[in-house]
Amino acid sequence: MSLLARLSAITALVLTMLTPVAALAEPSMIYLVRHGEKALEGKDPDLTPQGQQRARNIAAMLGKTGIAHVFSTPTNRTRQTAQPLAQQNGVRVELYDPKTPQALVAKVKTLSGAVLVVGHSNTLPELVRLFGGQPGADVADNEYDRLYQLISGPNAAVTTVLFTSLPPTGAAP
C-alpha cells in the first residue's frame with residue numbers, strides 16, 4: 001500500500017471517528033428568560049431590588065442544571081439578571097446583539113452543555129421560535145417571571161417547557 005493510500009485511509013478513519021463528536025456539539029438544554037424588574041427611569045436602567053432578587057432566584061432555580069454558557073444583551077438589566085448564575089457557575093456572561101438573533105442561535109448551536117439566554121419582552125418569543133420552541137403568547141411589558149426550557153429531541157424536535165421564576169419577593173430555595 002502506498003504512502004498516499006495509507007494517509008487517505010487514516011484520514012477517512014479519523015473523520016469517521018470525529019463525526020459523532022461533531023454531532024454532540026449542541027447544547028444539552030437551552031433556558032431563556034427576560035431580565036428582572038427594571039427601574040423606570042434612565043436610558044439603560046438597572047434592576048430594581050425586586051429584579052435583583054429575581055436574578056438571584058433564577059440562579060437558585062438553574063444552579064444545578066449545569067449551565068456552561070450565559071448570554072445577555074449589553075443592557076444593564078440583562079447583564080445584572082445573568083450575573084448571579086454566571087458567577088455561581090464560574091462562567092462569564094457573553095454579550096449578544098438583540099438585533100441579530102440568528103447570529104446568537106447559530107453560535108449557541110455550536111456549543112455543548114446547558115445555556116442560559118437573557119433577553120427582553122420583545123425579543124424572547126422570537127428567540128424561542130428560532131431555537132425551534134413554542135413561545136406561546138407575547139410577553140407583556142409587566143411580565144418578568146417566564147422561564148423557557150428548550151429540550152432537543154430526535155429529528156430536530158424541540159420540546160418547550162414553560163416555568164415561572166420565583167416571585168421577586170420570595171426567598172430563594
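**Figure 1. Helices and strands of the predicted chain.** The chain of this predicted model has 5 helices and 6 strands, where helices (H or I, at least four residues) and strands (E, at least two) are DSSP runs numbered from the N terminus. Read along the sequence, these elements follow the pattern α-β-α-β-α-β-α-β-α-β-β. Of the 173 residues in the chain, 40% are buried, a class that means under 20% relative accessible area, with exposed set at over 50% and partly exposed in between (1.4 Å probe, protein chains only). Among contacts between residues at least 6 apart in sequence, 64% join residues at least 24 apart, a contact being heavy atoms within 4.5 Å. Residues are numbered from 1 along each chain as its sequence is written, and side-chain values use heavy atoms, with hydrogens and water left out. Because the model is predicted, local features need pLDDT of at least 70 and side-chain atom pairs count only at pLDDT 80 or more, whereas totals for chains, interfaces and linings use all residues.

**Figure 2. Confidence along the chain.** The mean pLDDT of the chain is 87, and 82% of its residues reach 70 or more, pLDDT being the predictor's confidence in each residue, from 0 to 100. Over residues 6-24 pLDDT stays under 50, and for this stretch the model has 2 contacts beyond four places in sequence. Where pLDDT is low, the predicted coordinates should not be read in detail.

**Figure 3. The salt bridge between Arg34 and Asp141.** The whole structure holds 6 salt bridges, each defined as a side-chain nitrogen of Lys or Arg within 4 Å of a carboxyl oxygen of Asp or Glu. In one of them the side chains of Arg34 and Asp141 meet, at 3.6 Å from N to O. This pair links distant parts of the chain, 107 residues apart, with Arg34 in strand S1 (residues 27-34) and Asp141 in the loop between helix H5 (124-130) and strand S5 (146-152). Arg34 is buried at 2% relative accessibility, whereas Asp141 is exposed, with a relative accessible area of 57%.

**Figure 4. The salt bridge between Arg54 and Glu37.** The closest N and O atoms of Arg54 and Glu37 are 2.9 Å apart in this salt bridge. Arg54 lies in helix H2 (residues 49-62) and Glu37 in the loop between S1 and H2, so that the pair links distant parts of the chain, 17 residues apart. Arg54 counts as buried at 5% relative accessibility, and Glu37 is buried with a relative accessible area of 13%.

**Figure 5. The salt bridge between Arg129 and Glu126.** Arg129 forms a salt bridge with Glu126, their closest N and O atoms being 3.4 Å apart. Both residues lie in helix H5, 3 residues apart, which is about one turn of the helix. Arg129 is partly exposed, with a relative accessible area of 45%, and Glu126 counts as partly exposed at 31%.

**Figure 6. The largest pocket and its lining.** The largest pocket holds about 150 Å³ of space, a pocket being an open set of points on a 1 Å grid over the protein atoms alone, with protein on both sides within 12 Å along at least five of seven lines, and lining residues having an atom within 4 Å of a point. Of the 13 residues that line this pocket, the closest to its centre are Glu26, Lys109, Phe131, Ser152 and Val158. S1 and S5 are the elements that give two or more residues to the lining, and the largest share, 3 residues, comes from S5.

Methods. On a 1 Å grid over the protein atoms alone, a cavity is a set of points where a 1.4 Å probe fits but cannot get out, and a pocket is an open set with protein on both sides within 12 Å along at least five of seven lines; lining residues have an atom within 4 Å of a point. Grid points are joined across faces, edges and corners, and a volume is the space filled by probe spheres set on the points.
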